[in-house]
Amino acid sequence: MSTAPLRRIQDVVFDVGETALPAPTGAPLPPPHLREVVVSPAAQIAPPERPPTEAAPRPGKAGRSFAGAFTGWCAEQCRRHGLAAVLAACSLGGMVLFWHVATTYRLDFYIRFSNIPTPADVWQSVLQAGSNGKFITNIGMSLRRIFIGFALAGVAGVGLGLVIGRYRRMHELLFPAFEALRPIPAIAWVPISIMLWPDNEVSIVFITFIGAFFPILLNTVSGVQAVDAVLLRAGQCLGAREPQLMWHVVLPGAMPQIFTGLAVGMGVAWVSLIAAEMISGQFGIGYFTWEAYSLIAYSDIVLGMITIGVLGLACSWLIRLAGKFQMPWLEFAKAGGRS
């Protein structure tokens with residue numbers, strides 16, 4: 001074989017590091033479009049240039065950027081929730097306006113407003129109660145009872161609901177007993193709770209627990225039973241054991257209905273608490289309202305009712321806020337499903 005064709009590509013070299021190596025003898029000819037290509041050391045890839053370092057922002061600029069971000073966040077919240085806030089304000093304002101007109105002009109059309117205090121009278125009671133330590137003590141006692149009773153009901157209701165909804169034998173064993181007790185109203189438990197527990201404080205917490213327990217239990221059972229069986233089989237195929245299925249599949253799947261039960265249970269817990277405080281309590285917002293009725297202090301009656309509504313609204317809002325943090329995926333589903 002003649003070596004003449006190899007001389008045609010003697011200019012083609014290959015760079016290895018900084019040494020140019022000629023093509024080895026006996027190597028096959030390169031394609032025609034590469035025969036005049038010469039790779040020289042000068043054509044080596046240069047190291048990437050380091051980006052220029054930016055100067056640290058000045059405090060004023062950082063402050064302006066934070067202020068701009070905060071302003072943008074506020075604008076976004078106003079855009080998303082501004083209309084809802086306006087509608088809510090119109091709803092509450094309309095109710096207060098009707099109350100003012102009905103009590104000022106003493107309307108009497110089968111419903112009598114002659115003895116109902118005006119908003120101005122109730123506002124005077126609010127100012128007096130703000131400087132009264134007894135009223136603040138009553139609110140603190142009610143909040144303490146509602147949180148203890150609701151926390152116990154939440155733990156027991158969710159725990160038993162997961163077990164009853166997940167295992168058929170446990171459902172057959174426990175659910176009939178709870179179904180027999182569920183129709184009994186919380187107010188009917190007051191006499192028996194006074195006999196069961198050593199003092200009134202524990203009795204009131206027990207009645208609050210009863211009021212919140214059954215809505216939480218039923219919603220948890222319903223949520224567990226509604227979990228897609230495909231998800232359970234997929235977890236089992238991936239090697240998940242029963243505790244892992246319960247924690248990572250069943251509980252997240254039932255979470256929407258669990259929080260629905262918590263919200264409903266909180267409302268029923270407040271009803272039960274106020275009834276128990278009116279009957280057997282010595283402190284609490286329910287006792288304050290009943291005492292005002294006994295003393296014919298009509299403004300304090302309305303003040304107690306408004307306080308109960310505000311406290312219940314705040315508790316429900318906290319539950320919804322916790323649900324948003326625990327279930328962020330529901331926000332995307334609601335965005336596409338609500339007009």
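Mentor: Accessible areas here come from the Shrake-Rupley method with a 1.4 Å probe, and for residues only the protein chains shown count as cover. On that basis the accessible surface of the protein comes to about 22,600 Å², and 68% of this belongs to carbon and sulfur atoms. This is a predicted model: local features need pLDDT of at least 70, side-chain atom pairs count only at pLDDT 80 or more, and totals for chains, interfaces and linings use all residues. Residues are numbered from 1 along each chain as its sequence is written, and side-chain values use heavy atoms, with hydrogens and water left out.

Trainee: What pLDDT does the protein average?

Mentor: The average is 82, and 78% of the residues score at least 70. The term pLDDT stands for the predictor's confidence in each residue, from 0 to 100. Over residues 4–21 the value is below 50, and this stretch has 29 contacts in the model beyond near neighbours in sequence. Residues 37–43 are also below 50, with seven such contacts. A contact means heavy atoms within 4.5 Å.

Trainee: How many helices and strands does the protein have?

Mentor: There are 12 helices and four strands. Both are DSSP runs numbered from the N terminus: helices are H or I with at least four residues, strands are E with at least two.

Trainee: Why does Thr118 count as buried?

Mentor: Buried means under 20% relative accessible area, exposed over 50%, and partly exposed in between (1.4 Å probe, protein chains only). Thr118 has 14% relative accessibility, so it counts as buried. This residue is found in the loop between β4 (111–112) and α3 (119–130). Leaving aside neighbours within four places in sequence, Thr118 is in contact with Trp99, Thr103 and Thr104. In the protein, buried residues make up 30% of the 339 residues.

Trainee: Why does Tyr110 count as exposed?

Mentor: Tyr110 has 81% relative accessibility, and the cut-off for exposed is over 50%, so Tyr110 is exposed. Tyr110 lies in the loop between β3 (108–109) and β4. Its phi is near 70°, a positive value in a residue other than glycine.

Trainee: What makes Ile296 exposed?

Mentor: Its relative accessible area is 56%, which is over 50%, so Ile296 is exposed. The residue sits in the loop between α10 (285–294) and α11. Ile296 is not a glycine, yet has a positive phi of about 55°.

Trainee: Why is Leu318 partly exposed?

Mentor: The value for Leu318 is 46%, which falls between 20% and 50%, so the label is partly exposed. Leu318 is in helix α11. Ala322 is in helix α11 (residues 298–326) and has a relative accessible area of 33%, so it is partly exposed.

Trainee: Which residues form a nonpolar patch on the surface?

Mentor: They are Ile192, Met195, Leu196, Trp197 and Val202, with about 470 Å² of accessible area together. Like charges are joined within 9 Å, and nonpolar side chains (Val, Leu, Ile, Met, Phe, Trp, Tyr) within 5 Å. Val202, in helix α7 (residues 200–225), has 31%, so it is over that limit and is partly exposed. Helix α6 (residues 190–196) gives the most to the patch, with three residues.

Trainee: Why is the pair of Phe213 and Phe214 edge-to-face?

Mentor: Rings of Phe, Tyr and Trp (its six-membered ring) pair if their centres lie within 6.5 Å; planes under 30 degrees apart count as stacked, over 60 as edge-to-face and the rest as tilted. The centres of Phe213 and Phe214 are 5.1 Å apart and their planes are at 75°, so the pair is edge-to-face. Phe213 has 5% relative accessibility and counts as buried, and Phe214, with 8%, is buried. Phe178, Phe209, Phe213 and Phe214 form one aromatic cluster.

Trainee: How many aromatic pairs are there by this rule?

Mentor: The count comes to nine. Among them is the edge-to-face pair of Trp189 and Phe206, at 5.9 Å centre to centre and 75° between the planes. This pair links distant parts of the chain, 17 residues apart: Trp189 is in the loop between α5 (168–181) and α6, and Phe206 is in helix α7. Both residues, Trp189 and Phe206, are buried.

Methods. Patches are made of residues with over 30% relative accessible area and no salt bridge: like charges are joined within 9 Å, nonpolar side chains (Val, Leu, Ile, Met, Phe, Trp, Tyr) within 5 Å. A salt bridge is a side-chain nitrogen of Lys or Arg within 4 Å of a carboxyl oxygen of Asp or Glu.
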